Amino acid sequence: MDRRPRVLSGIQPTAASFHLGNYLGAVRQWVEMQDAYDAFYCVVDLHAITVEYSPAELRRRTRRAAAQLLAAGLDPERCTVFVQSHVPQHTELTWMLQCLTGMGEASRMTQFKDKSQRYGESAASVGLLTYPILQAADILLYHADYVPVGVDQKQHLELTRDLAQRFNHRFGETLTLPNPYIMQAVQKITDLQEPTAKMSKSSSSPGGILDVLEEPSSLRKKIMRAVTDTGTEIKADEENKPGVTNLLQILSALSGTSVPDLEKRYEGQGYGTFKKDVAEAVVEAFAPIRERTEKLLADEAELDRLLVEGAVRARAVAAETVAVVKDRMGFLPQG
């Protein structure tokens, strides 16, 4: 029987909560994909240690990230949800792929260039330099046919394909070349206080970001205080009305109503009514996820059990891949 095409994606546990951009741009779509694809989703905790971090916070945030994925609708019966560090083959395959990667190739990766320029090359770890190779291992371990990618991840997927082709050329057809999965069109969600900048944990101010696990009263307050402009027209215009445009795109994504239809609905109305409707749409989307996340976190033993089950399924696939890779590369069998 032909298997369903396989998809692999991951999310870093670098914050206490996902934000609206994470939810719309990735998590909600992962939920929709789990029936059509053989889906593997992981919390990539190994990627989270390339910069300074607190061990206690990493542990806490890893559980919170996993809980939010499950609370948002990922079903362990319909997809594989696991923690990256629970599958040792990720680091094992990374080493073997590193030995096929040129120094210049690794140092040209955008994130390493950006962060080493921002903090100075002496502050950038070797892990930051090589983490795109770990990302390639994440994908190639599972013979993923598709990888959901944003614009900023395309370069890393190209490296993954290059490394797979290089391995296959040298050692024989072994690794599956992944293709980009083009996510449904979701407009870039921007900072509520700086609507020309992307909503981001690393750069947004607290008032500019909407967290999935945030209290409803706080969400409402942030949206009512969101920057708009001096006019009163509720119309999408990224250049002249970026704040209003952002709020229209948020409401459109959560309600399923097109931006032009929303413009007609709010024609002649003020910002107050419009912002209240945006706030209620956000609260309505996040409230059940927040409630289910809290319930999952209240029973850590059960949450950990679900993650162990996911890791067992993931290890079965990953171990088979690594065994073939090692054989092709000339390593002795273990007996």
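Modeller: Helices are DSSP runs of H or I with at least four residues and strands are runs of E with at least two, numbered from the N terminus. This is a predicted model, in which local features need pLDDT of at least 70 and side-chain atom pairs count only at pLDDT 80 or more, while totals for chains, interfaces and linings use all residues. Residues are numbered from 1 along each chain as its sequence is written, and side-chain values use heavy atoms, with hydrogens and water left out.

Colleague: OK, let's pick a residue. Where does L140 lie?

Modeller: L140 belongs to helix α6, and with a relative accessible area of 0% it is buried (under 20%; over 50% is exposed and anything in between partly exposed, with a 1.4 Å probe and protein chains only).

Colleague: And how many Å apart are L140 and T293 in space?

Modeller: Their C-alpha atoms are 30 Å apart, and in sequence L140 and T293 are separated by 153 residues.

Colleague: What's the phi of H143?

Modeller: The phi of H143 is near 50 degrees, which is a positive value in a residue other than glycine. As for its place, H143 sits in the loop between α6, residues 126-140, and β4.

Colleague: Changing topic to aromatics: how many aromatic pairs does a search of the whole structure find?

Modeller: The search finds nine, where rings of Phe, Tyr and Trp (its six-membered ring) pair if their centres lie within 6.5 Å, and planes under 30 degrees apart are called stacked, over 60 edge-to-face and the rest tilted. One of the pairs is Y37 with Y146, an edge-to-face arrangement at 6.1 Å centre to centre with 80 degrees between the planes.

Colleague: Why does that pair tie together parts that are 109 residues apart in sequence?

Modeller: Because Y37 is in the loop between α1 (20-33) and β2 (38-43), whereas Y146 is in strand β4, residues 146-149, so the contact joins those two parts of the chain.

Colleague: Is Y37 buried or exposed? And what about the relative accessible area of Y146?

Modeller: Y37 counts as buried at 16% relative accessibility, while Y146, with a relative accessible area of 29%, is partly exposed. Y146 also forms an edge-to-face pair with Y181, and there the centres are 6.5 Å apart and the planes make an angle of 80 degrees. This second pair again links distant parts of the chain, since Y181 is in strand β5 (residues 179-182) and lies 35 residues from Y146. Y181 is buried, its relative accessible area being 17%, and Y37, Y146 and Y181 together form one aromatic cluster.

Colleague: Now the helices. What should the 14 residues of helix α9 span?

Modeller: Helix α9 runs over residues 242-255 and should span 20 Å at 1.5 Å a residue, and the distance between its end C-alpha atoms, 20 Å, agrees with that; the expected span is 1.5 Å times one less than the number of residues. Of the 14 residues of α9, 13 are buried, so the helix is largely enclosed by the rest of the structure.

Colleague: Which residue follows α9?

Modeller: The residue that follows is G256, and its phi is positive, near 80 degrees.

Colleague: How about α11, what should its 27 residues span?

Modeller: Helix α11, residues 271-297, should span 39 Å at 1.5 Å a residue, and its end C-alpha atoms are 38 Å apart, which agrees.

Colleague: Where in α11 does the kink lie?

Modeller: The kink, of about 30 degrees, is at F286, shortly before the proline P288; the bend at a residue is the angle between axes fitted to the seven residues ending there and the seven starting there.

Colleague: Staying in α11, is V282 buried or exposed?

Modeller: V282, which is in helix α11, is buried with a relative accessible area of 1%. V282 and P216 are 66 residues apart in sequence, and C-alpha to C-alpha they are 8.6 Å apart in space.

Colleague: And K295, buried or exposed?

Modeller: K295, also placed in helix α11, is exposed, with a relative accessible area of 67%. Its C-alpha atom is separated by 26 Å from that of Y53, which is 242 residues away along the chain.

Colleague: Last one: where is K201 found?

Modeller: K201 is in the loop between β5 and α8 (216-224) and is partly exposed, with a relative accessible area of 35%. Between the C-alpha atoms of K201 and I223, which are 22 residues apart along the chain, the separation is 17 Å.
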